[in-house]
Amino acid sequence: MEDYLAMLADLAVRYGPRLLGGVVVTLQLVGISLALGGMMSVPLALARLSRNPVLRLPAFAYVFFFRGTPLLAQIYLIYYGSGQFRAAFEQAGLWWFFRDAWYCALLAFTLNTGAYTAEIVRGGIQGVPLGDIEAARACGMSGFTLYRRIILPTAYRIALPAYGNEIILMVKSSSIASIITIFDLMGETKLAFSRSFRLEVYLMAAALYLVITLSFEWVWARLERWLNPQREAPDLKAPDLQPPAALVEPQRQ
Amino acid sequence: MWELLSFGDKGWGDDLALGAILTLQLAFASLGLGLVFGLATAGMKLSGNRVLLGLANGFTTAIRGIPDLLTLFLIYFGSQFAIQTLLSLFGYEGQVEVNGFWAGVLALSLVFGGYSSEVFRGAFLAIPKGQIEAAKAVGMPPALIFRRVLLPQVWRYALPGLGNLWLSLIKDTSLISVIALDELLRKTFIAVGITKEPFLFYGIACLIYLAITTVSTGVIMRLEAWSERGVRRA
């Protein structure tokens, strides 16, 4: 038993710092692709909802492709597939980008999460109560103002739980980057395993991933409560006839 | 290009087709086992026993927080270590190679089970209490209530959630290519290594996955319509 604990401590000292370095790479990869994918998602969702087929059909095809194929296949398509057009990329001065596994993973993740997030945003926009929009129109709002002041703020609140799930899925999927030689948490773990041949390094990685996802879930739950106070679950222990506390107490800020 | 994709000695069409079949086998085997895991875990959550509830919730939390790729490695290498340790107790000291197919199926079905347990739990809770009370009132024992009243209706509430999980299960099978099982993506990988046509072949692989997910979506929509055939609408 003591031998085992000493071995565990040795593993942690030897590979711990590299695994933590991998955590940083994972968070960078996820953070950057979520930011870029998030920026893409709103225009994409609007194009997807547009009545103009020139906007709607390409957006539909894009979302359809990236949601219908495995992320690993998308990464291979971008990272290895670009090699087939090397001459053209070199001529265009883009080869430095596609040569690098890091940029390719980032591009694949961004395009992938952009497609999923666009669907989430679309769901949010379609969930905005019609009366809100009619009321805004009646006040004379139109187009950009209507979206900025009424539709998007409500849509974001509706989309919040689904987007939280998407972020967690993205943290999990980012481990795929290790397959194209990126040393994120998963990549460092695979390296540590190939050197030590101890299964415990995979368990350490699992614990680190759990810490990331669980602490994120905690933060997100707070954010949801802050942005959607009206959705707070009523106290189930209260007598049936009593109205939910949120209706009685003054709204807290 | 067409020669490369033809069936037979010169082309890779038959290899890709075989890979796609193995992908489907993986997906269906994981679906079957995953449904069992999901129902069992949901049962533990609804049992009212705090120990079982804690275990089931811990399982779901782990599955939702650990990357599927890591789960796959843990199962693949973990089972290898476990079997080796077990055999060494009986004096056998050789290398053991775990069957990649079943390791992959086990990992994917654990993932499916973890997520679907929440779907099933919600579906069981969606069944009106009055029906269960009525079944008790006519003297049905719990097992019979489960079989005659709960199970037939659970599918209707669970289908949309299960459909989504099935789609991500299909896409997840691609991960099994990294433990050297010749499913669709690995067959494509091999084809690219020899033909040096990466964009063409990965593009084709993507289209095959897209075809599978599209057909699945159609079937799921049919199933949902069928499961709601007796439901009155406003």
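**A tour of the charged pairs and a nonpolar patch**

Begin by selecting B:Val215, B:Val219, B:Leu223 and B:Trp226, which make a nonpolar surface patch of about 400 Å². Patches are made of residues with over 30% relative accessible area and no salt bridge; like charges are joined within 9 Å, and nonpolar side chains (Val, Leu, Ile, Met, Phe, Trp, Tyr) within 5 Å. Accessible areas come from the Shrake-Rupley method with a 1.4 Å probe, and for residues only the protein chains shown count as cover.

The model is predicted: local features need pLDDT of at least 70, side-chain atom pairs count only at pLDDT 80 or more, and totals for chains, interfaces and linings use all residues. Residues are numbered from 1 along each chain as its sequence is written, chains are lettered from A and ligands numbered from 1 in the order in which they are written, and side-chain values use heavy atoms, with hydrogens and water left out.

Helices (H or I, at least four residues) and strands (E, at least two) are DSSP runs, numbered from the N terminus. B:Val219 has a relative accessible area of 46% and is partly exposed; the class lies between buried (under 20%) and exposed (over 50%), with a 1.4 Å probe and protein chains only.

Turn next to the salt bridges, each a side-chain nitrogen of Lys or Arg within 4 Å of a carboxyl oxygen of Asp or Glu. Over all chains the count is eleven.

Select A:Arg18 and A:Glu188, a salt bridge whose closest N and O atoms are 3.0 Å apart. A:Arg18 is in helix α1 (residues 2-49) of chain A and A:Glu188 in helix α9 (residues 185-196) of chain A, so the pair ties together parts 170 residues apart in sequence. A:Arg18 is partly exposed at 38% relative accessible area, while A:Glu188 is buried at 9%.

Move to A:Arg198 and A:Glu200, whose side chains form a salt bridge (3.2 Å, N to O). Here A:Arg198 is partly exposed at 31% relative accessibility, and A:Glu200 is buried at 11%.

Now display both chains and select B:Arg64 with A:Glu217, a salt bridge of 3.2 Å, N to O. This pair joins two chains, because B:Arg64 lies in helix α2 (residues 50-65) of chain B and A:Glu217 in helix α10 (residues 200-227) of chain A. Both B:Arg64, at 28% relative accessibility, and A:Glu217, at 31%, are partly exposed.

Finish at A:Arg48, A:Glu119 and A:Arg122, joined into one network by salt bridges that share partners.
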